[in-house]
Number of protein chains: 4
Amino acid sequence: MEQRVRVLIDCKDKKGLVYKISKVFYDRDLNIENNREFVDKEHSKFFMRTVVTGNFDTKELKNALKKVIPSEANLQVIEPKIKKIVILATKESHALGDILIRHEAGELDANIEAVIANHNTLEGLVNRFDIPFLNISAEGLSREEHEEKVMEIIDRYSFDYIVLAKYMRILTPKFVKNYDKKIINIHHSFLPAFIGANPYKQAHKRGVKIIGATAHFVTDDLDEGPIIAQDVIPVNHRLEWRDMQKAGRDVEKVVLSRALNLVLNDRVFVNGNRTIIF
Amino acid sequence: MEQRVRVLIDCKDKKGLVYKISKVFYDRDLNIENNREFVDKEHSKFFMRTVVTGNFDTKELKNALKKVIPSEANLQVIEPKIKKIVILATKESHALGDILIRHEAGELDANIEAVIANHNTLEGLVNRFDIPFLNISAEGLSREEHEEKVMEIIDRYSFDYIVLAKYMRILTPKFVKNYDKKIINIHHSFLPAFIGANPYKQAHKRGVKIIGATAHFVTDDLDEGPIIAQDVIPVNHRLEWRDMQKAGRDVEKVVLSRALNLVLNDRVFVNGNRTIIF
Amino acid sequence: MEQRVRVLIDCKDKKGLVYKISKVFYDRDLNIENNREFVDKEHSKFFMRTVVTGNFDTKELKNALKKVIPSEANLQVIEPKIKKIVILATKESHALGDILIRHEAGELDANIEAVIANHNTLEGLVNRFDIPFLNISAEGLSREEHEEKVMEIIDRYSFDYIVLAKYMRILTPKFVKNYDKKIINIHHSFLPAFIGANPYKQAHKRGVKIIGATAHFVTDDLDEGPIIAQDVIPVNHRLEWRDMQKAGRDVEKVVLSRALNLVLNDRVFVNGNRTIIF
Amino acid sequence: MEQRVRVLIDCKDKKGLVYKISKVFYDRDLNIENNREFVDKEHSKFFMRTVVTGNFDTKELKNALKKVIPSEANLQVIEPKIKKIVILATKESHALGDILIRHEAGELDANIEAVIANHNTLEGLVNRFDIPFLNISAEGLSREEHEEKVMEIIDRYSFDYIVLAKYMRILTPKFVKNYDKKIINIHHSFLPAFIGANPYKQAHKRGVKIIGATAHFVTDDLDEGPIIAQDVIPVNHRLEWRDMQKAGRDVEKVVLSRALNLVLNDRVFVNGNRTIIF
């Protein structure tokens, strides 16, 4: 029976990798639908994403590939399927709404398991889409206590990624470590400019002529994780910081959805603190 | 009692217009919150948009302004209020969805009176937002017959603008004339490139490296009305036309919403087949 | 002795091409410095650009590759070297000047053999750089007569590409055929918008909010050849067409130089009326 | 005799300013060719740039304006004329070359008085344009000693602005104070990201997906002065930092020339650490 899998490989670079890997495909009479490679020469690392189709046994293919690549290589043979996400939000609806509309249209390669928020502002919107909404208020709780409650809820769901759709709380290292390389955030500035609180106020004060947004994986260092996507728009002296915030929302939502889409399609490799996008 | 109005003037350019108009404001002790002028020298036309606040009688202000500007001038003194729109759509949800989310968040300066579509695909989505959805199928009807039915529905509503949120039907001159300068369309190309059917297919075939979207007022000439807003994104040889279509949706929805917002805030003057955006 | 060549292949797509080609490299113990492939599924065509290094005989490598690819394939094994260009210009200096400055800085992978112009406006500038300048006035000549004279001059030089750096004359089919896929032009609009004369005047009249420039190979159809690079800048109602022209010059020169650079580095495949850029 | 002047006013905002100023123009029967105002509400500051033509005495006009604006206002009545600039450079030719080409074409509203560099790399290029080139080597000198020598040379010239066209030396506060608001710099990053040394290396390390350039006035705080213009280009994982540097040069030169042009046309107001661009 005709199958389609995504083969993802990253490992130390070695002579002959392309030859040996393509031989595995050739010997099994597979079609290469799509193939992208990249060698990070500075760190001598090899990255490959290939989509193959044909009649094959996934396990056997994986074993055959394992034999020709270095033993420490990361190898994934993924059968494309709808992934699962949990969304964290606060009060703003634009990034969440954008994902909801795509989801409704069947244009998001993910199922939204739940939306968890530290306020109830978005409850009405989420309910309109018949998606579970859970309000975990942080009132009267320490950061750790609040997060414990959030994690408890999150862990009820099975999911591939956590999407921070303008979740305006700083995560503890514990939370981040718990969901390593599974958290995608949208930061409302062109990182690394304006790290931290209220980037639009900072941008206005600095008098920049362009503002932007950055989608990135969340790591221990606040706003310092590997960048997946960025975009910008021009601004001018007429915009007060609230106008920038308003204008910036379109960039934020589009950049987050673009990054999410790349991740859901297994197009993103993390390479140290950088990403390879295929 | 403190009031705020938008004063819009367009007329033949004459020496002293700014002086005379600002004198009217000064004599009434009004604050100028915001002021923009533009002179189209080629056609000797003057455009002005001023936001004034203070204690005044709107009628008296209007009369005073009338006395100092040419008799044939277009003068509007507008008290900012939520405008009303009717949306026409077909099957695609991205542009409509973007407007619905903004509406829900209270970020659209308009109330959506109804969504009218020639298919029922979007009924579920619109119903989620408790907005009237009317499906006027074109099946078995001539273009004129279908439009008669659409106009009959539209005319039940009071509205300021009709928004074509990816309404995939060509309008007759009668329809366009009926709602002159009240129809805003999003065209899925960087006009005037790729006028007409399936711009993404055309763009792909032509091998362009950038695709775009154009929001414009609808006039008799298909895709030839005054442009309000445009934006673009880069593409490359890897994108098939359906990928371009998918990527283009983000541009379409953002450009349409941006244009709609400008229009709702009375920031757009039509100057022949061009627009002035303040 | 360590060598470096660029291997360019385009042919009908077939199963096993990557395997067979990479086997040729592997068997000769070559390093793959850089590798890019693309399959145009619609037309079932395969494109590959690989940079390999190692100790090898270029002729032998080429023969080995020939044996594993379809007989009708285009195969090039190119030793990177400074290419040669002839520039055609008219009166405007921005595109020409940009190339001259890069050339002077050693940042252009080409030697400028000569600048030929139908006016003498640019003579002073070109002379400053000790590059041959030839003025072939079109005064009193038919298009054909003028072109004959231009071709006669061009043919005195050995060159890889002809660069039209704002050469404001329409070329005859004879000229184009003579230098097939060797002529690179910069068109001062975002093609296919505003084909033909004075695109900025057209753009101004149409009231677009974005203007652009397009670098493309010249084919028989005026402004219809395969696009290599495009870029745009925002404009507004304040710009008269001459302001657009002035603002557009920066886009024109940058886009032309970017395209030229791609071509000089053998990164551009022509695929029907489209290009593949690696 | 018909005259044209640029009137620049910035002062504390007050009711009636537009009326009173336009009355001065009206009473003298002047034409307003172009008019732009902006009120910074946060700091209650008023900015105006008006181009007027007509028969008038500049001194009398200035005095009349002085009477209607606050006593502490900055008022300039400027007769458009070619300004003078001195350029400081180091080794890279792209930004300098771009200015030279514009200068040669008569498209720069400035005369280049001299190019001063701390290396002799650019001597050949500058000499081609018959512009004085002065090499002040920093070898064996302290920062202060070197700057003394540079200032000594600069002060031989009369000039309106100093342009740092990739001058790779840090200026002392003394130098900056000496030429307050007269120094324009191009920084090779999208400020405030990547302040300091080797922004491209920083950008590469951080894995950004967009790089940029910033033209700004130089103030005491390194890379912290008021921003005049910014622009960006997309990059990806394939670019090493030297490729980013190469790609970034086009942005740098275009942004610097754009900013320079704005300044030369008196279109830039400094408002605290921000700029107003008319």
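1. In this predicted model, helix 7 of chain C (residues 199-206) has C:P199, C:Y200, C:A203, C:H204 and C:R206 buried, where buried means under 20% relative accessible area (1.4 Å probe, protein chains only). Helices are DSSP runs of H or I with at least four residues, and strands are runs of E with at least two.

2. Contact means heavy atoms within 4.5 Å.

3. The contact between chain A and chain C takes 15 residues from each chain. About 1,600 Å² is buried between them, 56% of it from carbon and sulfur atoms; this is the accessible area (1.4 Å probe) lost on putting the two parts together, summed over both. A:K15, A:Y19 and A:Y26 supply 40% of the area that chain A buries against chain C, more than any other three residues.

4. Four salt bridges are counted between chain A and chain C, each a side-chain nitrogen of Lys or Arg within 4 Å of a carboxyl oxygen of Asp or Glu. One of them joins C:K15 to A:D29 (3.2 Å, N to O). Helix 1 (17-27) and strand 2 (31-40) of chain A each supply at least two residues of the side that touches chain C.

5. Local features need pLDDT of at least 70, side-chain atom pairs count only at pLDDT 80 or more, and totals for chains, interfaces and linings use all residues. Side-chain values use heavy atoms, without hydrogens and water.

Note on methods:
Residues are numbered from 1 along each chain as its sequence is written. Chains are lettered from A and ligands numbered from 1 in the order in which they are written. Buried means under 20% relative accessible area, exposed over 50%, partly exposed in between (1.4 Å probe, protein chains only).
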